[in-house]
Amino acid sequence: MSGPGALLAVVPGAVVWSVLAVGVVAWTVATLLAGPARLPGPVDVVRFFLRSWLGRALALLAWAAAGWHVFCQRP
Amino acid sequence: MPVAVVLLTAFAWWEGARSRDSAAAHDSVAAMVVAVAVAAVVLGRGRQRVGSADWLAAARPRHVSRSRYEVGVAVWTVLLGAVVAWDLVSFIVQAHALPTLSYWIGHVIRYRLGRAVVFALWLGLGLYLAAGWRTEER
């Protein structure tokens, strides 16, 4: 076997990423199913940062850095 | 609105054909960062919900009970902290056995369609961060 499938089956880092991904997805689903007085979901997390100029600036800085890294550097 | 969607889709498709080392990719990403920052300032003048000094106080949304809010904050902090920490560890170690998050993203954006879709999502998120969750009145 070769390619990302083989890597996913072998390396320990891929197992950790899989666990983290399952955790984020499971918690997101849990927040959506929680009912009227629901748990804060991913939209609430983003909106928390957008409430003030400082939070919005921090979010935009992280967004810009991620974009530069993904589209102009490493991958 | 439909015209803007078509233009942004065409732009993302064009970006999908750029390589990470090209000057066009660098210029276009830098231009989008500047444009989104300018949009945030122009659209947000006088329309921010709270001042920066009050940001962390009373952050709980009205529809969330206090106990659930505390549980939610704790779980999100653990999950997002674990993602950031594990990515940092993988980046520092630089081992084949510990791929970083950008390694996985690299498998998607090596193709034109993948790069275009990820770029469109990134740009959409940036526009939401610039214009979203404002008060209606200045």
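Two residues are in contact here if their C-beta atoms, placed from the backbone, lie within 7 Å. Keep that in mind on this tour of a predicted model.

**Stop 1: two helices of chain B.** Select residues 101-109 of chain B, helix H4, and residues 112-131 of chain B, helix H5. Now show the side chains. Ile105(B), Val108(B) and Ile109(B) in H4(B) touch Gly114(B), Arg115(B) and Val118(B) in H5(B). By class, this contact has four nonpolar residues, one polar and one charged.

**Stop 2: the angle.** Stay with H4(B) and H5(B). Their axes lie 6 Å apart, at an angle of about 120°. H4(B) is therefore oblique to H5(B), since angles from 65 to 115 degrees count as roughly perpendicular and those over 145 as roughly antiparallel.

**Stop 3: all of chain B.** Zoom out. Chain B has five helices and zero strands. Its C-alpha trace spans about 45 × 45 × 25 Å along the principal axes. The radius of gyration of chain B is 19 Å, whereas a compact globule of 138 residues would have one near 14 Å. Of the chain's 138 residues, 18% count as buried.

**Stop 4: where chain A meets chain B.** Select both chains. The contact takes 41 residues from chain A and 49 residues from chain B. On chain A, pick helices H1 (4-10), H2 (12-32), H3 (42-50) and H4 (53-72); each supplies at least two residues of the side that touches chain B. H4(A) gives the largest share of that side, 14 residues. Color the side of chain A that touches chain B by class: 27 residues are nonpolar, eight polar and six charged.

Definitions and conventions:
Residues are numbered from 1 along each chain as its sequence is written. Chains are lettered from A and ligands numbered from 1 in the order in which they are written. This is a predicted model: local features need pLDDT of at least 70, side-chain atom pairs count only at pLDDT 80 or more; totals for chains, interfaces and linings use all residues. Helices (H or I, at least four residues) and strands (E, at least two) are DSSP runs, numbered from the N terminus. Ala, Val, Leu, Ile, Met, Phe, Trp, Tyr, Cys and Pro count as nonpolar, Asp, Glu, Lys and Arg as charged, and the others, Gly among them, as polar. Axes are lines fitted to C-alpha atoms, for helices over the stretch in contact, and angles run from 0 to 180 degrees between N-to-C directions. Angles under 35 degrees count as roughly parallel, over 145 as roughly antiparallel, 65 to 115 as roughly perpendicular and the rest as oblique. The radius of gyration is taken over C-alpha atoms; the globule rule is 2.2 Å times the number of residues to the power 0.38. A residue is buried if 20 or more other C-beta atoms lie within 10 Å of its own, exposed if 12 or fewer, and partly exposed in between; C-beta atoms are placed from the backbone.
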